[in-house]
Amino acid sequence: MSVTGGLVPAVSGTPGATTAHRRRRTTRSRDGRAALGFLAPWLIGMACLTLGPMAYSLYLSFTRYDLLSSPHWVGAQNFTQMFSDPRFLSAAQVTAVYVVVSVPVVLVVSMLVALLLNSGIRFITAYRALIYLPSLLGASVAIATLWRQIFGADGLLNNALHSAGVEHGSWIGDPRTSLLVIITLNAWAFGSTMIIFLAGLRQVPRDQHEAAMVDGAGRLRRFRSITLPHLSPLVFFSLLLDTVHAFQAFTSAYVVSGGDGGPADSTLFYTLYVYQQGFTQLNMGYASAMAWLLVVVLAVFTGLLFLTARFWVHYGDR
């Protein structure tokens with residue numbers, strides 16, 4: 001055993017080492033209890049307000065429940081009933097069209113506006129604020145109500161068209177254009193996605209663009225070969241987030257259609273039909289089954305998106 005300065009260092013098994021180990025263990029235990037105490041409100045809220053209701057709704061999806069009497073177990077009847085329900089199939093089709101059209105529109109418009117704002121035009125800060133403002137309002141009840149007034153039979157749009165000698169009926173009362181009104185409302189609030197792309201454009205290396213320009217690459221080629229690969233993680237993030245939000249769209253469809261999904265179920269979104277079944281027709285078991293089917297669809301979409309991401313999402317360290 002070596003002696004330094006007349007002191008014998010503590011080794012494993014000695015009383016000094018055992019005491020230090022106990023102190024460290026006591027400190028870790030005290031820190032763990034403190035952390036658990038700080039997390040307790042969130043954990044209790046998560047269990048009582050999220051996990052508990054989710055588990056109960058999963059149980060209700062296998063029952064017939066009208067909110068007034070006790071649930072009656074019916075097995076998978078609610079799930080099999082969906083595929084013979086014409087309104088369910090119509091709601092699924094309307095939602096699919098909305099997602100397939102509105103999400104790419106938001107991504108493309110956001111990208112184009114971000115590229116424009118990144119070009120160094122004057123009063124750039126004011127433009128950013130004005131373009132981002134609709135995202136703060138979003139598809140709120142007030143904005144959806146305003147949209148209903150704009151695209152109604154006697155709305156601002158038809159008044160402007162009438163001044164130009166063009167006559168058109170209600171845009172929200174026509175099954176051919178009613179869904180387009182809601183898609184336009186969703187695309188109008190593209191500011192949050194635009195801000196994400198604009199922040200990503202500021203991180204694209206300028207020297208790569210300069211080298212490509214020296215090699216004779218045009219603007220479109222530079223965008224495809226340099227800008228877009230650097231933005232691909234943000235495109236992935238925005239695509240995932242906007243798609244999930246599109247599947248869950250409710251407020252705009254409810255307000256614009258007056259809550260019935262009309263005309264001719266052309267704005268009957270999936271979530272709106274879930275609401276009608278659960279709270280209008282008091283068929284909570286069927287509504288719970290529909291809600292859980294939506295959870296499964298979103299999980300499958302998310303999984304497929306992550307599986308395909310390795311083929312088109314490029315990170316800086318690869």
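Helices (H or I, at least four residues) are DSSP runs, numbered from the N terminus. The model is predicted: local features need pLDDT of at least 70, side-chain atom pairs count only at pLDDT 80 or more, and totals for chains, interfaces and linings use all residues. Residues are numbered from 1 along each chain as its sequence is written, and side-chain values use heavy atoms, with hydrogens and water left out.

**Aromatic contacts**

- The whole structure holds 15 aromatic pairs (Phe, Tyr and Trp rings, the last by its six-membered ring, with centres within 6.5 Å; planes under 30 degrees apart are stacked, over 60 edge-to-face, the rest tilted).
- One of these is the tilted pair of Y56 and Y59, with 6.0 Å centre to centre and 35° between the planes.
- Y56 and Y59 are separated by about one helical turn because they lie three residues apart in helix α1.
- Y56 has a relative accessible area of 43% and is partly exposed (buried is under 20%, exposed over 50%, partly exposed in between; 1.4 Å probe, protein chains only).
- Y59 is also partly exposed, at 36%.

**Surface patches**

- R28 lies in helix α1 (residues 15–60) and is exposed, at 53% relative accessible area.
- A nonpolar surface patch comprises L67, L68, Y254, Y275, F279 and L282, with about 570 Å² of accessible area together.
- Within helix α12 (residues 270–280) lies Y275, which is partly exposed at 30%.

Key:
Helices (H or I, at least four residues) and strands (E, at least two) are DSSP runs, numbered from the N terminus. Patches are made of residues with over 30% relative accessible area and no salt bridge: like charges are joined within 9 Å, nonpolar side chains (Val, Leu, Ile, Met, Phe, Trp, Tyr) within 5 Å. Accessible areas come from the Shrake-Rupley method with a 1.4 Å probe; for residues, only the protein chains shown count as cover. A salt bridge is a side-chain nitrogen of Lys or Arg within 4 Å of a carboxyl oxygen of Asp or Glu.
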